[in-house]
Amino acid sequence: MTSGGLAPCLASSVAYLVEFWAKALKEGKISGLTIRMYIDGYKGVLTGDSTVLDPANYDDCKCLHDVGGSPIGNSRVKLIADSPYLTSTQLTNIKDCIARGFVKEGDTPLEVAAQTLLKDGINVIHTIGGDDTNTQAAELSKYLLEKHGGKVVVVGGYRMPKTIDNDVFPVVQTFGADTAAEQGALFFNNIVSESSANPRMFIIHEVMGRDSGSLTATTAYKYREMYAKKSKFVDGPFTSTATSRDIHAVWIPEVKVNIKQEGIRLKKIMDEHGCVNVFLSEGAGVEDIVKEMEENGETIPRDAFGHIKLDKINPGVYFAKRVATLIEAEKTLVQKSGYFARSAASNEYDRKLIRDCAEIGVQSAIDGVSGCMGQDEDKEGTPIRAIEFERIKGGKTFDVKTPWFQNMLEEIGQSKYDRHSVWKSFNGINII
């Protein structure tokens, strides 16, 4: 089962799980094998919508490595209303599930999910998803243990730690994050040409990342290493230069920027080179945006998990309007690479990580061990193992002291602001 938002790992995860379960059968580690795919994530588990993979097609699943998205569909469905693993309880799961037709009035989503798994004769369920998917996998595992004698082993994420945000404790690297960064770099390598489309052009490349700036920082780094630093330019009367196509600022939640100072710095770049290019994490400054919306009496859009819908409040547009004034931009362009990046097929790095986790994940399932498969940063040598569900949580921030990130800020001329200097300084600027 795949669930949550897309990431460049879902298809490869399914392919490798099929490969290693088929291998386990051939090697006699298990006596029989039925691989059932639940359609559209937890929705399929609640509604009983699933399909069984024909054994004759096991080997054919290798082609999934070349496919982006999920080969069995995703959805955002919340099974539990209140959990020690969840921090957002603004919306109740039961009302949401009833309204969407997934359960009937009076039903408990966890019990409905459990009954589906028991009816289908499931021994092991692999939940391939991010933070929300896996916190729910933890609750489902606990529920099955307490109410149904642990008859189903939940290897959530095998549990796969799937999220391009790379923000899950205590997982070193989540699946799909590296691919998404490469794809975001490719995306901007085209978009940056728009800097030549108009005088005094201001481009904001908005990158996904609710609480963590990891994807934004890594995307910026990969763009500079893969494209900007390798580009050749002709000396002379040409306005397209190494500087005009470089990144001039990287704004992420962990680096608290003084916008007034940044405005002064970036205006100098605008005056000299005719453009300014900024990489912005979609989670940067969200608290201030929400505060302003609440003060204006606006409703804050949230999903079934209580998360703010970042695409609805548009952080990129919010900053673009204000910063454009400071740098005297004539035209502003906000471009989001999120959907482009997250829908790609896995790159070589992610495929290896997924393969290693899938192999160990299948063995863990055979051994009856539930958990989230990933590199455990709290264990010596960061081994891949079934990490205990109770230790899994989202909200992991990016380490701004990472040498390559500090070097990048220095190269682009951005001050290494300390974490105590706040985004709220933005609201202190008198902008009409």
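Mentor: Start with a term: a nonpolar core is a set of buried Ala, Val, Leu, Ile, Met, Phe, Trp, Tyr and Cys residues joined through side-chain atoms within 4.5 Å. Buried means under 20% relative accessible area, with a 1.4 Å probe and protein chains only. This is a predicted model: local features need pLDDT of at least 70, side-chain atom pairs count only at pLDDT 80 or more, and totals for chains, interfaces and linings use all residues. Residues are numbered from 1 along each chain as its sequence is written, and side-chain values use heavy atoms, without hydrogens and water.

Trainee: Which residues touch the most other members of the largest core?
Mentor: Phe202, Tyr223, Val250, Trp251 and Phe405, in a core of 90 residues. Helix α1 gives the most to this core, 11 residues. Helices here are DSSP runs (H or I, at least four residues), numbered from the N terminus.

Trainee: What does a second, separate core include?
Mentor: Ile125, Leu140, Tyr143 and Val152 are among its 24 residues.

Trainee: Back to α1. At what angle do α1 and α13 pack?
Mentor: About 45°, with axes 9 Å apart. Axes are lines fitted to C-alpha atoms over the stretch in contact, and angles run from 0 to 180 degrees between N-to-C directions. α1 spans residues 10-26 and α13 spans residues 348-366.

Trainee: New topic. Is Asp178 buried or exposed?
Mentor: Buried, at 12% relative accessible area. Asp178 sits in helix α6, residues 177-191.

Trainee: What is Asp178 in contact with, leaving aside neighbours within four places in sequence?
Mentor: Gln173, Lys222, Asn347, Tyr349 and Asp350. Contact means heavy atoms within 4.5 Å.

Definitions and conventions: Helix = DSSP H or I, 4+ residues; strand = E, 2+ residues; numbered from the N terminus. Buried < 20%, exposed > 50% of the residue type's maximum accessible area, 1.4 Å probe, protein only.
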